[in-house]
Amino acid sequence: MVKVQVPEHIKSIVPYPPGKPIEELEREYGVKGSIKLASNENAWGSSPKAIQAISDALTNLHRYPDGSNYYLVQAIAEKEGFSPDEVVVGNGSDDIIEFLVKAYVESGDEVLTSHPSFLMYQKVVQVRGGVNIVFPLKGMHHDLDAILEAVTDRTRLIFLDNPNNPTATAINPGELYTFLSKVPETVIVVLDEAYRDFMDFEMQVDVYSLIHNSKGRCGVVALRTFSKAYGLAGIRVGYGLMTAEVAGYLHRVRQPFNVNQLAQVAAVAALNDTEFYQKTLDGTKAGMEWLQKKVDKLGCTCYPSQTNFFLIDVKGDATTLYEAMLHTGVIIRSMKAYGYTNVIRVTVGTTEENYRFYHSLKNCLLELGYVS
Ligand SMILES: *Cc1c(COP(=O)(O)O)cnc(C)c1O
């Protein structure tokens with residue numbers, strides 16, 4: 001036993017549940033060629049241009065990456081209409097979440113989040129010795145009234161994933177603007193827009209004006225990722241949009257080479273590959289419509305979605321169904337651990353994957369007697 005004291009706020013952290021590699025699951029369940037619709041990844045793979053860029057960069061791996069992320073920051077700034085000093089790039093957007101907490105949260109400071117929502121927020125706050133104040137969703141939406149009421153002079157950050165993961169709901173833009181106008185200047189509201197690409201246009205908020213016109217109210221930071229619509233989850237790259245002042249603090253706490261070389265070139269290439277991006281959006285939309293129509297007909301209830309995944313009330317225990325579907329080589333998520341006993345979460349796949357999911361679901365539902 002090591003005798004060094006571990007702080008109580010570290011001891012009490014529940015480790016991230018270690019998912020098994022797909023190969024291990026297949027061995028355990030005796031299946032082959034399974035499909036994974038569990039992590040909201042891009043069903044169409046990665047942009048071929050990004051893959052080519054990675055391949056071209058492989059001869060340069062003995063060099064450190066560009067610590068300023070120069071070309072990637074330029075490309076993002078141009079796409080978003082921001083100035084390069086208002087863009088911070090991370091090893092996934094998880095990295096930016098960590099920078100925000102490192103820069104703004106001291107021991108005892110309060111951070112407000114929802115449950116269920118993205119688990120990373122609470123985790124990094126706990127590592128830092130901050131205090132998580134967590135609000136249950138209200139009808140699967142962020143409870144903005146309760147969050148606003150809980151703001152104190154110890155509140156530093158409010159994390160809102162918009163759309164929310166796992167419920168796929170987005171905040172009504174008008175309600176969000178009203179909420180932000182009431183949050184004081186001493187707080188930063190972080191809008192995690194990992195699924196922005198998939199949202200209906202009228203649900204997307206104007207983060208440029210929210211970030212630049214914050215006189216008399218809270219600051220705003222928007223987070224984006226290459227892990228979903230851009231199909232680069234495995235290489236880890238995301239970014240934040242914020243004022244140059246906030247960016248300056250995040251640069252102080254980040255590692256000098258936080259984004260690897262391959263991630264940088266892949267992300268630049270992916271931004272330029274409008275064809276792959278559009279194929280992803282169109283395929284997701286078509287797949288979502290097809291799946292929801294078919295699944296509703298089975299006697300389940302699909303929830304509306306502003307993302308590339310959706311929830312289904314399967315009318316019986318979700319974890320039992322998850323296990324049954326695993327045996328057919330279809331991997332989805334049970335939402336039981338989040339308090340939604342009869343709900344599963346599924347990511348939209350390719351046409352073939354959606355078809356396979358549908359048939360597995362249908363057979364398992366009948367077998368378990370959830371529907372007749
Ligand atoms: C997938 C996801 C992200 C992306 O995280 P990365 O670190 O960029 O892969 C961020 N926020 C939410 C809510 C997500 O679901």
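1. Cys302 is buried, at 12% relative accessible area (buried means under 20%, exposed over 50%, partly exposed in between, with a 1.4 Å probe and protein chains only). Keep in mind that this is a predicted model, where local features need pLDDT of at least 70, side-chain atom pairs count only at pLDDT 80 or more, and totals for chains, interfaces and linings use all residues. Residues are numbered from 1 along each chain as its sequence is written, and side-chain values use heavy atoms, with hydrogens and water left out.

2. On to the cysteine pairing.

3. Now helix 11, which covers residues 261-272 (helices are DSSP runs of H or I with at least four residues, strands are runs of E with at least two, and both are numbered from the N terminus). Its twelve residues reach 17 Å from the first C-alpha to the last, close to the 16 Å expected at 1.5 Å a residue; the expected span is 1.5 Å times one less than the number of residues. Nine of the twelve are buried, so helix 11 is largely enclosed by the rest of the structure. Among the buried ones are Leu262, Ala266 and Leu271. What covers them includes helix 3 (48-57) and helix 4 (70-80).

4. The N-terminal end of helix 11 has a cap: a side-chain oxygen of Asn260 lies 2.9 Å from the backbone nitrogen of Leu262.

5. Gln264 sits in helix 11 and is buried, at 8% relative accessible area. Leaving aside neighbours within four places in sequence, Gln264 is in contact (heavy atoms within 4.5 Å) with Pro65, Asp66, Asn69, Leu72 and Val259. Gln264 and Gly90 are 174 residues apart in sequence, yet 9.9 Å apart in space, C-alpha to C-alpha.

6. Helix 10 (residues 244-253) has Val246, Ala247 and Leu250 as its buried residues. Where do they fall, seen down the axis of helix 10? Within an arc of 100 degrees, so they line one face of the helix; the arc is that of the directions from the helix axis to the C-beta atoms. Glu245 and Arg252 are exposed on the other side. The cover over the buried residues includes strand 2 (87-90), helix 5 (93-104), strand 6 (188-192) and strand 7 (219-225).

7. Arg224 belongs to strand 7 and counts as buried, at 7% relative accessibility. Its side chain makes a polar contact of 2.9 Å with that of Glu80. Other residues in contact with Arg224 include Ser93, Glu193, Arg196 and Tyr239.

8. Last, the ligand. Of the 13 residues around it, Asp192, Thr225, Ser227, Lys228 and Arg236 come nearest (near means a heavy atom within 4 Å). A polar side-chain atom of Asp192 lies 2.6 Å from a ligand nitrogen, and a side-chain N or O atom of Arg236 is 2.6 Å from a ligand oxygen. Ser93 takes part through its backbone, with an N or O atom 2.7 Å from an oxygen of the ligand.

Notes. Polar contact = N/O pair within 3.5 Å; in protein donor to acceptor, adjacent residues only side chain to side chain.
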